[in-house]
Amino acid sequence: MPNIIVVGTQWGDEGKGKIVHLLAKDADVIVRYQGGANAGHTVIDHRAQYTFHMIPSGILHPGKTCILGNGMVIDPAALLEEIELLESQQIPVRENFLISHRAHLILPYHRAIERANEKLKGPRRIGTTGRGIGPSYADKMGRTGIRMCDLLDPTGFRKILEANLAEMNLLFNRLYDAESMDLEKIFETYCGYGERLKSHVVDISLLINDLIDRSKTVLFEGAQGTHLDVDHGTYPFVTSSSSTAGGACTGTGVGPTRINEVIGVTKAYTTRVGSGPFPTELLGDAGNGLKTRGNEFGATTGRPRRCGWYDAVAVKYAVRVNGLSSLAVTKLDVLDGEPEIKLCTSYLYDGKHYTDMPLNEAIINSCEPVYEVLEGWETPTSGATLYQELPEPAKRFIERVEVLAGCKVDIVSTGSRENETIIIRNPLVTEKQ
Ligand code: GDP
Ligand code: IMO
Ligand code: MG
């Protein structure tokens, strides 16, 4: 049975949650491999609307094992809150939910450092989600991080916390002019979280590889998007994790030879939250139509998302760095009623056309997007479930997306609900036949 990675091809919020939820019906295990509560994945099923920050959206299907991978940074307070909220909505999370013993933790000092850092940066601020993501990954790479398994050993945990806090408090007092943090308070609180989460903590690499050996199907749920990836994104305006497909292997302990396909979720236009370059951004009121019809407000922070036309240069890059096998195009319905639809086919800078993503931040910042203009459509696509039902101009749009990306489209999403979807090929079901 195939194992599939789902990634975002743009700057996040492409609709990964909906697509993962849809595919999860035919999977046995759904695993998040990077990021933390910076993600906001909204899913609407036949019962209600849910927003997931850490828990894979597959949890809505009864009996699917949902896992938080070692590549994640977990805020235990936020996680427990998310579990409680879902349980209050009658989703029995704890029956099907596991956490890697190697996943790193977010501590109160991570959030405090992030706040102070962003303030100091002034206009170069990243516009983070304020969840402590960057400082926690910095500790992981600096080898001072605290992991889930450390919580299960209070004596060891106390030692690392003591050492870290001594250093952090020096930073707070001498650099950031802030108050020290109290060791006992953090220690007690986190030991309490450890007690409440310990029955879910396992070696997920061992577990997932064993399930794959037994022909189970694993879905890897990416968070953020290709252009927010710490290596391949618009650095430094990125998140601090590997949100591209490679992160699924390091973030779970499953080797690349065990993964069959990578699906890239791509919105029919582009959005971005926070700072950083965005070549096709529609400034002023120009992007308001997309923002309003697409309801483009962040699920995690409520910030309005910056909106712009479809950027084929950015998606072509995502096809390459993720090795995408196909695309899932979302929010086609949001383009309904636009008299003309634009796709950016190259960036023009200093007299030169770039059809491949330039690595130079200055070029991405100052280039002029070159557009191909397609006619819009009058017949609404909203809720369409069959490709043949789509108006001809909408089909032409999808075909241009395929040609410009060099990648076929398997799924077209025409609304936020589960059934508002055109499935040209279900990568999980097709492979089974
Ligand atoms: P994610 O972070 O990639 O999971 O995306 P978000 O959940 O943050 O944002 C996508 C938003 O668009 C959510 O509110 C979805 O319910 C909604 N959505 C997903 N697919 C479609 C679609 O095809 N049409 C419309 N109109 N909304 C969609
Ligand atoms: P999902 O999974 C959109 C953005 C933030 C900021 C940058 C760094 O819902 O697609 P961080 O808090 O991660 O250090 O912020 O990344 N960002 C997202 N933008 N969707 C997300 O997740 C995001 N997660 C982080 O706005 O610009
Ligand atoms: Mg989101």
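1. Start with Arg 303. An N or O atom in the side chain of Arg 303 lies 2.9 Å from an oxygen atom of ligand 2. Keep in mind that this is a predicted model.

2. For Lys 16, an N or O atom of the side chain is 2.7 Å from a ligand oxygen. For His 41, a polar side-chain atom is 2.7 Å from an oxygen of ligand 2. Taken alone, ligand 2 exposes 540 Å², and the protein buries 97% of that.

3. The shell around ligand 2 holds 20 residues; Lys 16 and His 41 are among the nearest, with Asp 13, Thr 129 and Thr 239. By class, seven are nonpolar, 10 polar and three charged. Domain 1 (4-93 + 203-423) and domain 2 (104-199) each supply at least three residues to this shell.

4. Now ligand 1. Its surroundings comprise 17 residues, and the closest are Lys 16, Gly 40, Thr 42, Asp 333 and Ser 413.

5. The side chain of Ser 413 places an N or O atom 2.5 Å from a ligand 1 oxygen. Alone, ligand 1 exposes 580 Å², of which the protein buries 91%.

6. On location, ligand 1 sits in the second largest pocket. Helix 1 (16-24) and strand 3 (41-44) are the elements that give two or more residues to its shell. Helix 1 provides the largest share, three residues.

Note on methods: Residues are numbered from 1 along each chain as its sequence is written. Chains are lettered from A and ligands numbered from 1 in the order in which they are written. This is a predicted model: local features need pLDDT of at least 70, side-chain atom pairs count only at pLDDT 80 or more; totals for chains, interfaces and linings use all residues. Side-chain values use heavy atoms; hydrogens and water are left out. A residue is near a molecule or strand if one of its heavy atoms lies within 4 Å of it. A polar contact is a pair of N or O atoms within 3.5 Å; within protein, one must be able to donate a hydrogen and the other to accept it, and residues adjacent in sequence count only if both atoms are side-chain atoms. Accessible areas come from the Shrake-Rupley method with a 1.4 Å probe; for residues, only the protein chains shown count as cover. On a 1 Å grid over the protein atoms alone, a cavity is a set of points where a 1.4 Å probe fits but cannot get out, and a pocket is an open set with protein on both sides within 12 Å along at least five of seven lines; lining residues have an atom within 4 Å of a point. A molecule sits in a cavity or pocket if more than half of its atoms lie within 2 Å of its grid points. Helices (H or I, at least four residues) and strands (E, at least two) are DSSP runs, numbered from the N terminus. Ala, Val, Leu, Ile, Met, Phe, Trp, Tyr, Cys and Pro count as nonpolar, Asp, Glu, Lys and Arg as charged, and the others, Gly among them, as polar. Domain bounds come from an automatic or database domain assignment.
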